[in-house]
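Dear colleague,

I am passing the structure below on to you, together with some notes on what was found in it. Please read them alongside the coordinates.

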Amino acid sequence: MTHFFESLSAIHARMHDACRQSPLAVPRPTLVAVSKTQPVERLRDALDARQRVFGENRVQEAKEKWPELRAAFPDVVLHLIGPLQTNKAKEALALFDVIETLDREKLAREVSGLRAQGEEFRTKEFYIQVNTGEEPQKAGVAPKEAGAFIHYCIHELKLPVTGLMCIPPAEEEPAPHFALLRNIAKAHHLPNLSMGMSGDFDTALMLGATHIRVGTALFGERD
Ligand SMILES: *Cc1c(COP(=O)(O)O)cnc(C)c1O
């Protein structure tokens, strides 16, 4: 048994426990394995263990690692979880199934413009990143602006926005941030909630996460 398989089993057990403990938990949350900085050998271990959903934070890195693996594993689902520069939007639309980091008008307009040109892109869903802690260095729309931005993306730009994502401030209790994200999603009838990482995914699941993004607890410390 590989180290990955053991970590994966342990995480599935924790996911199961968290979901049993809370009435807010969704029945089958998705584990997004955060494979940023991991070499292709480690991705192969994960694929051998039947993990299929992965998160990467850089377009260039994902482009180098995934197309070849995808030829062998066509059911791989890739999420972009890092900030997206406007000039990389087209590459991202070709590579990722889900872009979790729609975080500003300029990017939303760019993506919408590319989609309007008629090309078939891989990206079928977008999540809006909300800066729940209103941290100046962090990407995402402020909670009080989220409603207007969601409305703009869905109704004016016709983007298939299906969820929200957040990264709570490192030094704070994450639960209030997860609860806030859940409330915003609920108010706008968005079904997907990407929240919780290695250190706090149990809490996120208990507060209704549909997607948790786990790197270190699966692959070990990153170099
Ligand atoms: C790296 C990263 C993660 C995974 O963090 P771990 O603590 O290693 O589980 C999750 N979400 C985002 C946006 C990340 O950049």
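The model is a predicted one, in which local features need pLDDT of at least 70 and side-chain atom pairs count only at pLDDT 80 or more, while totals for chains, interfaces and linings use all residues. Residues are numbered from 1 along each chain as its sequence is written, and side-chain values use heavy atoms, with hydrogens and water left out.

Strand β2 (residues 53–56) pairs in the parallel sense with strand β3 (residues 77–80) over four bridges, and with strand β1 (residues 30–34), also parallel, through two bridges; pairing requires at least two bridges found by DSSP. Helices (H or I, at least four residues) and strands (E, at least two) are DSSP runs, numbered from the N terminus.

Helix α5 (residues 105–116) packs against helix α6 (residues 143–156) at an angle of about 10°, their axes being 11 Å apart, where axes are lines fitted to C-alpha atoms over the stretch in contact and angles run from 0 to 180 degrees between N-to-C directions. The two helices α5 and α6 are therefore roughly parallel (an angle under 35 degrees). In this contact (heavy atoms within 4.5 Å), E105, A108 and R109 of α5 meet F149, Y152 and C153 of α6.

Best regards

Key:
Parallel < 35°, antiparallel > 145°, perpendicular 65-115°, else oblique.
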